[in-house]
Amino acid sequence: MSLASVAAEHGLKRVGARPRFWRYLSEAWRRREFVLAMAQYRLRAELERNRLGVLWLMLQPALNALIYGAIFGILQEDRRGPDFAAHVVIGVFLFQYFSKSLIQGAKSITGNQSLVQSLAFPRITLPLAEVIEQLLSLLPSIGLLFVILPFFGHWPTWSWLLLVPLLGLFTLFNVGIALIAARLTVHVRDLTQLLPFVSRILFYTSGVLFNVSSLFDKRPWVVQLFDFHPLYQVLQMARAALMGGHDYDPMYWAYFSVWSVVVCVVGLLFFWVAEERYGRD
C-alpha cells in the first residue's frame, strides 16, 4: 500500500493541495472581509505616507490630465476633436484604474512571499485586494471628475448613473488582468520591469489622449480597428455617459460585457491552475 493510499484512508490531505475550482472560489468568498480589510489597510498606509493624504488621489490624475492634455492638445492642433479637455480628463482618470490594477496586481504574489509561504489561504485574495484597493483609490477621483465636468459645460444628468455598471464591468476586466499578470510574474520575475512599458504603450494607443474619429478621419479602417479595443470601448462609454451626445456605438456595452466576463473567467482559471506553485517557485 502506498503512502498516498494510507493518507487517504485516514483522511489526511496533502499540505497546500489545490482545491476544486468551485470550492476554491467559495473559500475566497468566505474571506471577502479579509480582502476588503487588506485593501483598506494598504490604501490607508499609502495615504499616511503622504502629507496631502486623500487629496493626492485626486491631484495625481488631475495633474497628469493637465500635463498630457496640454502637450497633446498642442501637438494635435485642429485635429483634437470637440470637448478635448473633458475627453482627456475622463480618459486619464479611468485608464489609471486599469494601469495600477495591472502593475500592482502583478506584484501581489511576489511582493507577499512571506505571507504566501507561511499561511494557508486562497492566493487569489491577494490580487483581488490589489484591484479593490485601486477601485477605492478611484472613487475620490470620480468625485473630482463630477466637480470638473460642469466647468467644461457638462452638467449632471441621469446618464451619469451608467458609470456604476460600467465600473462594475471594468472591475471584472481588471480582476482578470491582475490574475493573469500575477501568475505570469511568479514564473517570470522580470515581467514586473516590463509591465510599466506595456501600460505606457496601451495608454498611448487606447484613445486616452486623442479623438480617434478626428485623428483618423482619412483612415476609416483604423477607426474600425479601435471598435475591438476593450480599453477604448470603456473610455468611449464613460465619455458618452458623462459628456452626453458623444459619438459611440451602443453595442460597445455588449462587446465590453463579453470582454469583461471572458477575461475574468480566463484569469480565474489561469490563476487557480497554478495555486500549488505560489510560494514554492
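How many helices and how many strands are there in the protein chain? There are 13 helices and 0 strands. Some notes for a first reading follow.

1. **Ground rules.** This is a predicted model, where local features need pLDDT of at least 70, side-chain atom pairs count only at pLDDT 80 or more, and totals for chains, interfaces and linings use all residues. Residues are numbered from 1 along each chain as its sequence is written, and side-chain values use heavy atoms, with hydrogens and water left out.

2. **Confidence.** Start with pLDDT, the predictor's confidence in each residue, from 0 to 100. The protein chain averages 85. A score of at least 70 is reached by 89% of the residues. Confidence is lowest in helix 1 (residues 3-9), with a mean of 49. It is highest in helix 8 (residues 163-187), at 95. Where pLDDT is low, the predicted coordinates should not be read in detail.

3. **Overall pattern.** Along the sequence, the pattern reads α-α-α-α-α-α-α-α-α-α-α-α-α. Helices here are DSSP runs of H or I with at least four residues, strands are runs of E with at least two, and both are numbered from the N terminus. The protein chain has 281 residues, and 46% of them are buried. Buried means under 20% relative accessible area, exposed means over 50%, and partly exposed lies in between (1.4 Å probe, protein chains only).

4. Look at residues 32-48, which form helix 3. Its buried residues are Val 35, Met 38, Ala 39, Arg 42, Leu 43 and Leu 47. They cover an arc of only 160 degrees around the axis, so they sit on the same side of helix 3. The arc is taken from the directions from the helix axis to the C-beta atoms. On the other side, Glu 33, Tyr 41 and Glu 48 are exposed.

5. **Helix 12, enclosed.** Helix 12 covers residues 230-243. Here 14 of the 14 residues are buried, so helix 12 is largely enclosed by the rest of the structure. Its length also checks out. At 1.5 Å a residue, its 14 residues should span 20 Å, and the end C-alpha atoms are 20 Å apart, which agrees. The expected span is 1.5 Å times one less than the number of residues. Just after helix 12, Gly 244 takes a positive phi of about 70 degrees.

6. **Two salt bridges.** The whole structure holds 2 salt bridges. The term means a side-chain nitrogen of Lys or Arg within 4 Å of a carboxyl oxygen of Asp or Glu. One joins Arg 42 and Glu 130, at 2.7 Å from N to O. Arg 42 lies in helix 3 and Glu 130 in helix 7 (residues 125-148), so the pair ties together parts that are 88 residues apart in sequence. Both residues are buried.

7. **The other pair.** Arg 23 bridges to Glu 27, with the closest N and O atoms 3.3 Å apart. Both lie in helix 2 (residues 21-30), 4 residues apart, which means about one helical turn between them. Arg 23 has 47% relative accessibility, so it counts as partly exposed. Glu 27 has 15%, so it counts as buried.

8. Phe 21 is in helix 2. At 15% relative accessibility, Phe 21 counts as buried. Phe 21 and Val 273 are 252 residues apart in sequence, yet their C-alpha atoms are 8.7 Å apart. Val 186 lies in helix 8. At 7% relative accessibility, Val 186 counts as buried too. Its C-alpha atom is 6.2 Å from that of Thr 110, 76 residues away along the chain.

9. **A nonpolar surface patch.** Val 54, Leu 55, Trp 56, Leu 59, Leu 63, Leu 66, Ile 67 and Ile 71 form a nonpolar patch on the surface. Together they have about 720 Å² of accessible area. Ile 67 belongs to helix 4 (residues 55-76). Patch residues have over 30% relative accessible area and no salt bridge; like charges are joined within 9 Å, and nonpolar side chains (Val, Leu, Ile, Met, Phe, Trp, Tyr) within 5 Å. Areas come from the Shrake-Rupley method with a 1.4 Å probe, and for residues only the protein chains shown count as cover.
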